[in-house]
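The following note sets out points for a colleague who is reviewing this model. Please read each point with the structure open.

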Amino acid sequence: MARPLRIEYPDAHYHVTCRGNDRRKIFMDDEDRESFLDRLRKSLEIYEVRLHAYVLMSDHFHLIADTPGANLSDFMRHFNVAYTSFFNRRHRRTGHLYQGRFKAILIQPDLWLLPLSRYLHMNPVRAGRRKRPEVPEQVRELWQYRWSSLGGYVSARRRQPWVRYDEVLAQVQQSRRRYGRFVQDGLEQAAPSPWKALRGQVILGDDRFWANARQRWAGAAGSPGEAWIPKRAQKVDPARITVQVAAYFRLPPERLQRKRGRCRDQRGLLMELLYRYGGMTQQAIGAQLGGLDYTAVSHERRRFRERVVENEVMANWWRELDAAVESTGL
């Protein structure tokens, strides 16, 4: 079966999840969880993504977010590589941490943001349990669970500055007490899974939202490459990025711009930075780096990301240059 297309446009809202490879744990202890949240915060800032809710489970995580810059794939790619590199380094392992690419459901916020946030926040007492405790015990467990955004929804003192609570709370008159009652009602009434209303594998919304999403979907399928996704805003001068990368490797910039040579990994890193921070399309990157077409650039970027996960030397290149270019654009 063909994998679902990504539908990306400004201010789109998504439910996003990733599972561990072979359903293995992606968090071994609280240090892993803290590191995950730290990298999540940084990625949200870099890509200007707004996070509405999250929950960390042992072998997967859920996010609800929206993307003013139509850049969900870039955001998740950066974030997942950053955490995978940390996890592999800390636990002395190699290879992929996640089972395939992340799963993203496009959601209609006025209809689904509130019930999806409840579904997400109930995960710690519902997911994978054959026998559940009584509802009062489930409520106590959820309220005490450290690794979700629920605390800030039921208590203003537990708010986290990088979580956007207002859009969800607006649907319960900005009342944290009402939201807590809404979650408790979901436990008492065994609220059904929202996935029963899923359309086309990737959309949650009413008929009008579904029709609009299908139009975007058709446009994506009929367009070459990335032309249907709005162009990202430039944060760092591409020429400056090229100079930074060349200086890091002690190479003349023109060596990185040659189509052939012995700098394939370094060129792949440069392509990734130009795409993420330079506001360049893959077609523009290819034109600058020896006349490659956009499919070749996409292939080289994917190859580089895969190599970073498995190669500690390249992972170190990425951590240092990503941080250097990011600081340039602040």
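1. R301 counts as buried because its relative accessibility is 3%; buried means under 20% relative accessible area, exposed over 50%, and partly exposed in between, with a 1.4 Å probe and protein chains only. The residue R301 belongs to helix 14 (residues 294-310). Helices (H or I, at least four residues) and strands (E, at least two) are DSSP runs, numbered from the N terminus. Residues up to four places away in sequence aside, R301 touches D74, R77, M271, E272, Y275 and Q282, where contact means heavy atoms within 4.5 Å.

2. On the basis of these values: this is a predicted model, in which local features need pLDDT of at least 70 and side-chain atom pairs count only at pLDDT 80 or more, while totals for chains, interfaces and linings use all residues. Residues are numbered from 1 along each chain as its sequence is written, and side-chain values use heavy atoms, with hydrogens and water left out.

3. On the overall fold, the protein has 15 helices and 5 strands. The C-alpha trace spans about 65 × 45 × 40 Å along its principal axes. The radius of gyration is 21 Å, which agrees with the value near 20 Å that a compact globule of 330 residues would have; this radius is taken over C-alpha atoms, and the globule rule is 2.2 Å times the number of residues to the power 0.38.

4. Of the contacts with a separation of 6 or more, 72% are between residues 24 or more positions apart.

5. On charge, there are 58 positive and 37 negative side chains, and the centres of the two sets lie 3 Å apart. Lys and Arg count as positive and Asp and Glu as negative, with His and the chain ends not counted; each charge is placed at NZ of Lys, CZ of Arg, CG of Asp or CD of Glu.

6. How many aromatic pairs does the structure hold? There are 18 aromatic pairs. Rings of Phe, Tyr and Trp (its six-membered ring) pair if their centres lie within 6.5 Å; planes under 30 degrees apart count as stacked, over 60 as edge-to-face and the rest as tilted. The rings of F27 and Y83 are tilted because their planes stand at 45°, with the centres 5.8 Å apart. This pair links distant parts of the chain, 56 residues apart: F27 is in the loop between strand 1 (12-19) and helix 1 (30-47), and Y83 is in helix 2 (residues 72-90). Both count as buried, F27 at 1% relative accessibility and Y83 at 0%. One aromatic cluster is formed by F27, F36, F61, F75, F79, Y83, F86, F87 and Y98.

7. A further aromatic pair, F249 with W317, is edge-to-face, at 4.8 Å centre to centre and 80° between the planes. F249 lies in helix 10 (residues 238-249) and W317 in helix 15 (residues 312-329), so the pair ties together parts that are 68 residues apart in sequence. F249 is buried, with a relative accessible area of 15%, and W317 counts as buried at 16% relative accessibility.

8. Neighbours within four places in sequence aside, W317 is in contact with Y248, F249, D265, Q266 and L269. Between W317 and S85 the C-alpha to C-alpha distance is 11 Å, although they are 232 residues apart in sequence.
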